[in-house]
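Open the model in your viewer and show it as a cartoon. Then follow the stops below.

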Amino acid sequence: TGIVQRDAQERYFNSVIGVGNVEGSYQKEHLVPFGEYLPLESVLRGAINFFDLPMSAFTKGAAQQTPMQAAGINIGNAICYEIIYPQLVARRAQDSGVIMTVSNDTWFGASIGPHQHLQMARLR
């Protein structure tokens, strides 16, 4: 399941964890600008209310992460729009028996967002 994780240094990560007999977790590596992090944060944060979006202060996960494992199968994870980056997905799939992408497109509402996301994933 997707979840927000906080580490001992008070950093927040967009993550996937398992429920039940699952080992490990995955922290999203390729964050969405303005949605999950704010580029030029020291300049833009607080300048305009738009740049103070909730959940826009995530820390990116490490490029090299131990794959999650369920039932003895390594899982190559991607969260949301990460699925459109072929090199990232190929790297995650290299030592995995299955690729899993987790996304919650409901925050797009009735917009074209979910349709665009599906189309982008299909093109890769």
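Helices (H or I, at least four residues) and strands (E, at least two) are DSSP runs, numbered from the N terminus. The protein has 3 helices and 7 strands. Start at the N terminus: the elements run β-β-β-β-α-β-β-α-β-α.

This is a predicted model: local features need pLDDT of at least 70, side-chain atom pairs count only at pLDDT 80 or more, and totals for chains, interfaces and linings use all residues. Residues are numbered from 1 along each chain as its sequence is written, and side-chain values use heavy atoms, leaving out hydrogens and water.

**Stop 1: the sheet.** Select β3, β5, β6 and β7. These 4 strands form an open sheet in the order β3-β5-β6-β7, with mixed pairing. Two strands pair if DSSP finds at least two bridges between them. Which strands are at the edges? They are β3 (22-23) and β7 (98-102), each pairing on one side only.

Now zoom in on β5 (residues 68-70). This strand runs antiparallel to β6, and 3 bridges join the two. Find A70: opposite stands I73 in β6.

**Stop 2: two loops.** Most residues other than glycine have a negative phi. Select E10, in the loop between β1 (2-6) and β2 (12-17). E10 is not a glycine, yet has a positive phi of about 65°.

Move to C80, in the loop between β6 (73-79) and α2 (86-93). C80 is not a glycine either, and has a positive phi of about 50°. Is C80 buried or exposed? C80 counts as buried because its relative accessibility is 11%. Buried means under 20% relative accessible area, exposed over 50%, partly exposed in between (1.4 Å probe, protein chains only).

**Last stop: the whole protein.** Of its 124 residues, 29% are buried.
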